[in-house]
Amino acid sequence: MADCTAHLEVDVPLSEHEQRLLEQIERALVDDDPKFASTVRTGDRRQKARRKLQLGVLMVVVGLAIVVAGVAIPSASVAQVVVGVLGFLIAFGGATLALLNYKGATGAVETGPVSGGRPGPGGSSRVGKARRQPMKNRLEERFRRRYDQ
């Protein structure tokens, strides 16, 4: 029987005392540096990442269209090669931009293999641990979710 363990993350609400302390910290931040506080409040990283992801996908489509246009040029010439290479570079840049922003745009969490089991047929003897976010990132994400509600 295989040993399966799952990681469950449970949100624990803040106590009234912790909520008051958090509100005091927020007020102090607004009083000390109102410009920074407004930037932190309005700066939605996920929205920016989504825009970059959309731009990346658009660049891939445009790049592929340019490659097809390069192939459609009637005579085999230097122009055909230049247009094809330009289209490829645009598509490659768009794919890179999209891939780099995918996790931030979708909130996808990387998961790894569950540790503690034996490797399957054809698997290696080294079993990796499931990747977890650092505690700081989890706390920041939990704070953002509470603040958005």
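How many residues apart are Glu-23 and Arg-27 in helix α1? They are four residues apart, which puts about one helical turn between them. This is a predicted model, in which local features need pLDDT of at least 70 and side-chain atom pairs count only at pLDDT 80 or more, while totals for chains, interfaces and linings use all residues. Residues are numbered from 1 along each chain as its sequence is written, and side-chain values use heavy atoms, with hydrogens and water left out.

- The structure holds four salt bridges, a salt bridge being a side-chain nitrogen of Lys or Arg within 4 Å of a carboxyl oxygen of Asp or Glu.
- One of them joins the side chains of Glu-23 and Arg-27, at 3.9 Å from N to O.
- Helix α1 covers residues 16-32; helices here are DSSP runs (H or I, at least four residues), numbered from the N terminus.
- Glu-23 is partly exposed, with a relative accessible area of 40%, and Arg-27 is partly exposed too, at 49%. Partly exposed lies between buried (under 20% relative accessible area) and exposed (over 50%), using a 1.4 Å probe and protein chains only.

- Glu-140, Glu-141, Arg-144 and Arg-145 are linked in a network of salt bridges.
- Arg-144 pairs with Glu-140, their closest N and O atoms being 3.7 Å apart. These two residues lie four apart in helix α5 (residues 135-148), about one helical turn.
- Arg-144 also meets Glu-141 in a salt bridge, at 3.2 Å from N to O. Here the spacing is three residues within helix α5, again about one helical turn.
- Arg-144 counts as partly exposed at 33% relative accessibility; Glu-140 is partly exposed at 31%, and Glu-141 is partly exposed at 23%.

**Positive patch on the surface**
- Arg-45, Lys-48, Arg-51, Lys-52 and Lys-136 gather in a surface patch of positive charge. Patch residues have over 30% relative accessible area and no salt bridge, and like charges are joined within 9 Å.
- Lys and Arg count as positive, while His and the chain ends are not counted. The place of a charge is taken as NZ of Lys or CZ of Arg.
- Accessible areas come from the Shrake-Rupley method with a 1.4 Å probe, and for residues only the protein chains shown count as cover.
- Helix α3 (residues 45-72) gives the most to this patch, with four residues. Lys-48 has its place in helix α3.

Terms used
Patch = residues over 30% accessible without salt bridge, like charges linked within 9 Å, V, L, I, M, F, W, Y side chains within 5 Å.
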